[in-house]
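Me: I have a model open and want to learn how to read it. Can we go through it feature by feature?

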Amino acid sequence: LCRFGTWTLLVDTGEMVWSNGIMAMFGYEHNTNIQPHKTLYLQHLVADERAGWEAAVTQAIKTKTNFE
């Protein structure tokens, strides 16, 4: 079974909008009262993947392109 989800990063604040799929992957119920944020997202990534994720997102912001 494959799980996937989507997210949107609000660049100015670091806040994020997470789909129900992301919420489920991270173990949250869809009605959980959490504030999705870049910092919280990074806590759920494997430590070895954090720097690569940060670099890819920074590049997408810099070049004003989508991150996929």
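Predicted model: local features only at pLDDT ≥ 70, side-chain atom pairs only at ≥ 80, totals over all residues.

Me: Is Phe67 buried, exposed or partly exposed?

Reply: Read the relative accessible area against two cut-offs: buried is under 20%, exposed is over 50%, and partly exposed lies in between. Phe67 has a relative accessible area of 33%, so Phe67 is partly exposed.

Me: Which residues does Phe67 touch, beyond those up to four places away in sequence?

Reply: Phe67 touches Trp7, Trp53, Ala56, Val57 and Ala60. For a reference distance, take Gly27. Gly27 and Phe67 are 40 residues apart along the chain, and their C-alpha atoms are separated by 23 Å.

Me: Ala60 is on that contact list. Where is Ala60, and is it buried or exposed?

Reply: Ala60 belongs to helix H3. Its relative accessibility is 9%, so Ala60 counts as buried. Apart from neighbours within four places in sequence, Ala60 is in contact with Thr65, Asn66 and Phe67. Glu15 gives another distance to check: Ala60 and Glu15 are 45 residues apart in sequence and 16 Å apart in space, C-alpha to C-alpha.

Me: What about Lys64? Is it buried or exposed?

Reply: Lys64 also has its place in the segment after H3. Its relative accessible area is 77%, so Lys64 is exposed. Look at the backbone too. Phi of Lys64 is near 55 degrees, a positive value in a residue other than glycine.

Me: How do I read a pocket? Which residues line the largest one?

Reply: The largest pocket has a volume of about 160 Å³. Its lining is Trp7, Thr8, Leu9, Val11, Val57, Ala60, Ile61, Thr65, Asn66 and Phe67. Two elements give two or more residues to that lining: strand E1 (7-9) and helix H3 (47-63). Phe67 and Ala60 are both on the lining list.

Me: How many of the lining residues are nonpolar, polar and charged?

Reply: Seven are nonpolar, three are polar and none is charged.

Me: Next, the core. What is the general idea?

Reply: In soluble globular proteins, nonpolar side chains tend to be buried together. Now the case here. The largest nonpolar core has 12 residues: Leu9, Met16, Trp18, Ile22, Met23, Phe26, Leu40, Tyr41, Leu42, Leu45, Trp53 and Val57. Strand E2 (16-18), H1, H2 and H3 each give two or more residues to this core. H2 gives the most, with three residues.

Me: Phe26 is in that core. Where does Phe26 lie in the chain?

Reply: Phe26 lies in the loop between helix H1 (20-25) and helix H2 (38-43). At 18% relative accessibility, Phe26 falls under the cut-off and so counts as buried. Not counting residues up to four places away in sequence, Phe26 touches Trp18, Tyr41 and His44. Trp18 and Tyr41 are core members as well. The C-alpha atoms of Phe26 and Gln43 are separated by 9.9 Å, and the two residues are 17 apart along the chain.

Me: And Leu42, another core residue? Which residues is it in contact with, leaving aside neighbours within four places?

Reply: Leu42 is in contact with Arg50, Trp53 and Glu54. Of these, Trp53 is a core member.

Me: Is Glu54 buried, exposed or partly exposed?

Reply: Glu54 is found in helix H3. Its relative accessibility is 27%, so Glu54 counts as partly exposed. Residues up to four places away aside, Glu54 touches Lys38 and Leu42. Glu54 and Gly14 are 40 residues apart along the chain, with C-alpha atoms separated by 12 Å.

Me: Now zoom out. How many helices and strands are there, and in what pattern?

Reply: There are three helices and two strands. Along the sequence the pattern reads β-β-α-α-α. The C-alpha atoms fill a box of roughly 35 × 25 × 20 Å, taken along the principal axes.

How values were computed: Residues numbered from 1 in each chain as written. Heavy atoms only, no water. 1 Å grid on protein atoms, 1.4 Å probe; cavity = no way out; pocket = protein on both sides within 12 Å on 5 of 7 lines; lining within 4 Å. Points joined across faces, edges and corners; volume = space filled by probe spheres on them. Helix = DSSP H or I, 4+ residues; strand = E, 2+ residues; numbered from the N terminus. Nonpolar A, V, L, I, M, F, W, Y, C, P; charged D, E, K, R; others polar. Buried < 20%, exposed > 50% of the residue type's maximum accessible area, 1.4 Å probe, protein only. Contact = heavy atoms within 4.5 Å. Core = buried A, V, L, I, M, F, W, Y, C linked by side-chain atoms within 4.5 Å.
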